[in-house]
Amino acid sequence: MKMSDFGFYGIIITTLVLCFGLNMPVSLAADSLVVSDFDTGDKPNNIGGDFGAWDKDPNDDTQSTQMSFEPADAMGDPAGYAIRLDYDVDSPNPAYNGFWMKLNGEDASNYNTLSFYIKGDAAAGYTKRIKIELKDMTNKPSPYIVTGITDEWSKISIPFDKFRRITDWSALNEFVVVFDDINSSPKTGTIYFDQLALSKE
Ligand SMILES: [Ca+2]
Ligand SMILES: [Ca+2]
């Protein structure tokens with residue numbers, strides 16, 4: 001082996017050892033950020049943000065979203081969890097509710113895509129269509145409609161330019177899932193959600 005060959009392989013091996021030693025992915029460590037994998041089965045999310053279910057009118061018991069942790073991880077980790085959302089927008093009153101998650105002012109300016117995994121519960125029924133919203137610190141909701149949900153996990157990737165009302169990507173405030181009596185059909189059902197991430201694609 002020539003000295004130059006040793007130098008080349010030596011650098012590769014040293015790099016691999018360093019990466020594994022620091023418990024980092026070998027490739028492109030800075031190109032994605034998992035905001036929430038829910039795998040502790042508890043709050044907060046991976047960046048310290050709170051999350052939960054919300055309801056247009058908590059005093060209206062004809063409509064709600066109930067959030068719980070479900071041992072059905074989107075990434076296939078037997079010890080992992082996803083979020084289970086049991087929604088009900090079947091009400092004589094205008095109905096909307098869902099799930100919120102704080103993003104704690106996360107700087108997303110190095111990324112260009114928001115992604116997550118989603119599926120419906122075949123037994124409970126589920127809407128194939130939901131609205132999500134992203135908000136920067138101005139708190140204006142930037143909506144996006146997700147379609148084609150099935151009872152198998154699918155990864156939804158949304159380019160940042162679909163979120164027209166985000167003006168400042170350097171500080172994100174909140175991610176929201178909305179069930180409403182226009183988009184949600186059937187009006188009661190169960191949706192699973194997992195692995196919210198920011199990435200550079
Ligand atoms: Ca998970
Ligand atoms: Ca109801």
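**Exercise 1. In what order do the elements of the protein chain run from the N terminus on?**

Solution. Start with the ground rules: this is a predicted model, in which local features need pLDDT of at least 70, side-chain atom pairs count only at pLDDT 80 or more, and totals for chains, interfaces and linings use all residues. Residues are numbered from 1 along each chain as its sequence is written, chains are lettered from A and ligands numbered from 1 in the order in which they are written, and side-chain values use heavy atoms, with hydrogens and water left out.

Step 1: helices (H or I, at least four residues) and strands (E, at least two) are DSSP runs, numbered from the N terminus. Step 2: the protein chain has one helix and 11 strands. Step 3: reading from the N terminus gives α-β-β-β-β-β-β-β-β-β-β-β.

**Exercise 2. Find the protein donors of the calcium ion (ligand 1) and classify their arrangement.**

Solution. Step 1: look for donors, which are N, O and S atoms within 2.8 Å of the metal (3.2 Å for Na, K and Ca); water is not among the atoms, so sites may look incomplete. Step 2: Asp37 (O), Asp39 (OD), Asp73 (OD), Tyr81 (O), Asp194 (OD) and Asp194 (OD) lie 2.2 to 2.5 Å from the ion. Step 3: check the angles; the six donor atoms subtend 52 to 158°, which makes the arrangement irregular. Six donors count as octahedral if opposite donors are over 155 degrees apart and all others between 65 and 115.

Step 2: Asp73 sits in the loop between strand E3 (64–70) and strand E4 (82–88), while Asp194 belongs to strand E11 (residues 188–199), 121 residues apart. Both Asp73 and Asp194 are buried (under 20% relative accessible area; exposed is over 50%, partly exposed in between, with a 1.4 Å probe and protein chains only).

**Exercise 3. Which residues coordinate the calcium ion (ligand 2)?**

Solution. Step 1: the coordinating atoms are from Thr62 (O), Asp88 (OD), Asp88 (OD) and Asp90 (O), at 2.3 to 2.5 Å. Step 2: along the sequence, these donor residues follow the spacing T-x25-D-x1-D.

**Exercise 4. Which residues have the most contacts inside the largest nonpolar core?**

Solution. Step 1: a nonpolar core is a set of buried Ala, Val, Leu, Ile, Met, Phe, Trp, Tyr and Cys residues joined through side-chain atoms within 4.5 Å. Step 2: the largest has 38 residues, and Phe99, Phe116, Ile132, Phe175 and Leu196 have the most contacts inside it.

Conventions
Tetrahedral: all angles 85-135°; square planar, octahedral: opposite > 155°, others 65-115°.
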